[in-house]
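Subject: Structure handover

Hello,

Here is the structure you asked for. Please open it and keep it beside this email while you read.

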Amino acid sequence: MKSYDVVVIGGGPAGLAAAISAKQNGASVLLVEREARLGGILKQCIHDGFGLVRFKEKLSGPEYAERFTELFEEEKIDSLTLTFVTRIEKEKDGFRVVLVNRNGVEAVFTKALVLATGCRERTAKQVMIHGTRPSGVFTAGTAQHFTNLLGVMPAKKCVILGSGDIGLIMARRLTLEGAEVLGVYEAKSTPSGLTRNIHQCLNDYNIPLHLSHTVTRVFGEDRLTAVEISRVDERMTPIEGTETIIECDALILSVGLIPENELAEALSVKLDPRTKGPAVNGQLMTSIDGIFSCGNALHVNDLVDYVSESGEIAGKNAALYCKAQRKEIDISISDKLLYAVPQKLDLNKDNSKTTLYFRSRDVLNGCTFTIKKDGEPVFSKKYAFLRPPEMENLLIDFSSMSLNENSKIELDIEVKNNA
Amino acid sequence: MNIDKINKKLQKQFGSAVKAELSDNIITVKGKLSKWSDVVAACQTAATKYSEIHVVNDIICEEVQNKPMRVPKLKDNALDGRKVDVLIIGGGISGVSIARELSKWKLSILLVEKEADLALQASGRNDGEVHPGVDLSKGSKKHYYIRKGNEMYGQICKELDVPFERVGQYVCFDKAWMKGIIYLYALWRKKHDGISDTEIISGEELKRREPNLREDFKFAISNPSTGCVCPYGLTIAYAENAAMNGAEIFLNTAVTDMQVEGGEIKSVETNRGTVYPAIVINAAGVFSEDIAAMAQDRFFSIHPRRGTNSILDKKAGAFMHSVASTVSLNFGKSHTKGGGTIHTVHHNLLLGPDAVETYEKENTETRKESIKTVFDKQKKTMPSVSERDIITYFTGVRAPTFEEDFIIEKGRKTKNIIHCAGIQSPGLTTAPAVALDIEKMAVEELKKIRAVEKNPDYSPIRKGVPVLNEMSDEERNELIKQNPDYGVIVCRCEEISKGEILDALRSPICVPTVDGIKKRIRPGMGRCQGGFCSPLVTQIIAEFLGVPLSEVKKSSETSVITYGKTK
């Protein structure tokens, strides 16, 4: 059985960054990818806007991926593509990873694991759409796969449900390909996608955005013929009597992403119900020693730049991993926050450069983000606004806060004048 | 049956709007009502449960918009002029099991199904429970067939290579005082139904076996012979075995009319030409009354009843491992077995179904009320089930008669038809046994006109597509060495390989659509519902057929997925 210091599962932006960073930190690394090519979902994201934070350049998805795949090749990192992890067994001092590919079933041993398995899209049934089961109902990612990778049109006249970024991107993409996009409907009262995407993908193409509306029913025996739209109340429950029928041949869903953690769960990794990803410490290590998590498997990011960043952190720490006693305290959050990552700090580690990611629960204007230690603010930062679709990240020096096992860390947002 | 009594009751309920007539051992209810629910109520008033004198519904209902049966777009002459010994109408569990049993004989067998695949109606839209048969009345056909069917399941599923498990059923009670009564009831049931293994288990024992059921259950009836099967998987397997043994299966083929002369069906019209059968078998589900009418042998009516089931993530599947339900004190009132929580053979959890009367035979739309009804009820059995774990839901339409029993008999007026009608729960359980009887009836009829010999090439064995994710690493490795495509995983949720998809495309009844492949080997059945794999499956089908991607459909000819190249 081949043996590695680090096995990275997933060859998207998180996995690539993790593998490169683990290798650069001296580890022997194997990256496992189930598709034929590395790059993950970036391969089908042919629009630009990737890498603004990291490279100060507007790259397309494939271009962004290429920056990493080139480096990956230069580092001569072992990789297996078209290879699927069927299960992982915990062993003494490491893990046995069972792989399936065209050569058969094979197992490799590794000291540390980086789970970079990305996320999946919520489906029509998960948002309780009823009616018939026609063709023409796609998640945005599936529609994007058909359009950009297979070069075929999934729609002529469509309605988009959900203002998540992929939905907005697909509104523009399908319009450019000659399809008619009748409108984007969003159950929330505020958009779910990045502000820049609302402008560049909808406003620039006169595609209307209808907030507080959702699709409740689909029609059509064979191909979709129409959808029923209802207005929703503040709890996002459809209001009876507000139904209107819109004729269309496709419904594109961008109703949320769910981190893929089936492998993690099978290993009894504890998940954070808020992020639906593993609860991790500042080193991005999960509740199980030697298992690290990054990218969209850890929590759903809005920019790939942060995905790569978390991959690097996880990869580096996986390379440096050696079994040691943990001394962990929780980072708790107030109800003003949707979530924060990491959820824990290991006081036995150097936490002087901890990257902290968080999202606010609501749209907040003129507010201050604070870190409280035992109720006392030890860090604060002012924001003109915080919006749930836009993730914030901060570099925090937790090591200088003289924390001990009994310290209580809480993240909070104070709002002065929320207009 | 006293027709005057019936009319008195009808008079009381509906005034002079409806009236029942008895002739030729048929009770025909006539008149005019505005609501379908009243039509059902009137016919139920006229009907006697399990009676062989059936109610025929001739009430004009103002609310009913009778949509014609959906007929496939396809029109050709593929079957025109064909003479066959047996024409089976309907590719559900009834039709295909009959086709398979008849394929033991040297006969020309043609099965027609109007849909693009087998098991697309009730047979593919039920909960897959193989019932123990502890709640039916003696004298009914359901009771006659249920134990026979149940006991055949192990053997049939082995022969046809279909996953089947006797997972056992628990009917749970929360009132300790009922234990004595239920004990006696169970004793009586055992004798009445000829079951030896039914027992009462304590609340503690139930908790030990199924720790996630409701805490306060005091005891339960345990029926270990209850099983679970993939209903469409079994239907497809039966059909494949029939096809291997020489039966012809024609999908997208609808019966539209018949010529009947002197009490005999002379020919049958389809969208693919005129067929000349010696015998017709009516296994047309919700349309079995329509087929009987075409054959001038309408002596029963079907009142469609829809039910919705929800499928939960495999993570919820780990909550329990059997079939469980709670008894409401509403014995005999409701026309469903009450539904339940079921651990499926694919290790999901299935909740349902509900039961709602409808005049729409082909409306399988789902409604949010159904999901709520089912969850409210099943939470009483297992409080931890959550709508959040739903990965999909579907609606099926049952085909009951007003007598709520099966019709398994030769035509009453037309001699060369055999009806397998009124099939509803537990029709999946009874199908293997019913098929044997219909085989006998058909052969007996055919022997009147000619000699019928055994099919010397008949084999009861059908091999399904190998399921690699259930194999040991060694077995799996061995198969991949033989065919590397088995090592290319296409569907990540259900772990289905390209090799398995190609096998399904090469199976005896190839249905090269995304749904056809999904039904056979499950890509797209998992938690992402085909989000990742549907483009890949589409591509594999297109490559296999050598057609552009836009030619690959979801299911029917008109269920287009993509429209051709981008700019």
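Where is the place of B:Pro426 in chain B? B:Pro426 sits in the loop between strand 23 (417-421) and helix 11 (427-449) of chain B. The peptide bond that joins B:Ser425 to B:Pro426 is cis, with omega about 5°. One caution before the rest: this is a predicted model.

**Backbone**

Chain A has a cis bond to show you as well. That peptide bond runs from A:Val341 to A:Pro342, with omega near 5°. A:Pro342 is in the loop between strand 20 (337-341) and strand 21 (344-346) of chain A.

Now for phi. A:Asp374 is not a glycine, yet its phi is positive, about 50°. Look for A:Asp374 in the loop between strand 23 (364-373) and strand 24 (376-386) of chain A. Its relative accessible area is 44%, so A:Asp374 is partly exposed.

B:Gln296 is not a glycine either, and has a positive phi of about 55°. The loop between helix 8 (288-294) and strand 16 (305-312) of chain B holds B:Gln296. Here the relative accessible area is 51%, so B:Gln296 counts as exposed. The cut-off for exposed is over 50%.

**Salt bridges**

The count over all chains is 70 salt bridges.

Start between the chains. The side chains of A:Glu260 and B:Arg492 form a salt bridge, at 3.2 Å from N to O. This pair crosses from chain A to chain B. On one side, A:Glu260 is in the loop between strand 17 (257-259) and helix 6 (262-266) of chain A. On the other, B:Arg492 is in the loop between strand 24 (489-491) and strand 25 (496-497) of chain B. A:Glu260 is buried, because its relative accessible area is 9%. B:Arg492 is buried too, at 17% relative accessibility.

Both residues belong to a network of salt bridges.

Next, a pair within chain B. The side chains of B:Arg520 and B:Asp117 meet in a salt bridge, 2.8 Å from N to O. This pair links distant parts of the chain, 403 residues apart. B:Arg520 lies in helix 14 (residues 514-521) of chain B. B:Asp117 lies in the loop between strand 5 (109-112) and strand 6 (129-130) of chain B. B:Arg520 and B:Asp117 are both buried.

Last, a pair in chain A. A:Arg34 and A:Glu35 join their side chains in a salt bridge, 3.9 Å from N to O. A:Arg34 has a relative accessible area of 18%, so this residue is buried. A:Glu35 is at 25% relative accessibility and therefore counts as partly exposed. The cut-off for buried is under 20%.

**Surface patches**

With a relative accessible area of 60%, A:Glu74 is exposed.

Chain B carries a nonpolar surface patch, made of B:Tyr183, B:Leu184 and B:Leu187. Together these residues have about 320 Å² of accessible area. B:Tyr183 is part of helix 5 (residues 179-193) of chain B. B:Tyr183 is partly exposed, with a relative accessible area of 47%.

**A buried glutamate**

Finally, B:Glu409. This residue lies in strand 22 (residues 407-410) of chain B. Is B:Glu409 buried or exposed? Its relative accessible area is 15%, so B:Glu409 is buried. Leaving aside residues up to four places away in sequence, B:Glu409 touches B:Lys141, B:Phe299, B:Ile418, B:His419 and B:Met441. B:Val229 is 180 residues from B:Glu409 along the chain, and their C-alpha atoms are 27 Å apart.

Best wishes

Technical notes. Residues are numbered from 1 along each chain as its sequence is written. Chains are lettered from A and ligands numbered from 1 in the order in which they are written. This is a predicted model: local features need pLDDT of at least 70, side-chain atom pairs count only at pLDDT 80 or more; totals for chains, interfaces and linings use all residues. Side-chain values use heavy atoms; hydrogens and water are left out. Patches are made of residues with over 30% relative accessible area and no salt bridge: like charges are joined within 9 Å, nonpolar side chains (Val, Leu, Ile, Met, Phe, Trp, Tyr) within 5 Å. Accessible areas come from the Shrake-Rupley method with a 1.4 Å probe; for residues, only the protein chains shown count as cover. A salt bridge is a side-chain nitrogen of Lys or Arg within 4 Å of a carboxyl oxygen of Asp or Glu. Helices (H or I, at least four residues) and strands (E, at least two) are DSSP runs, numbered from the N terminus. Buried means under 20% relative accessible area, exposed over 50%, partly exposed in between (1.4 Å probe, protein chains only). Contact means heavy atoms within 4.5 Å.
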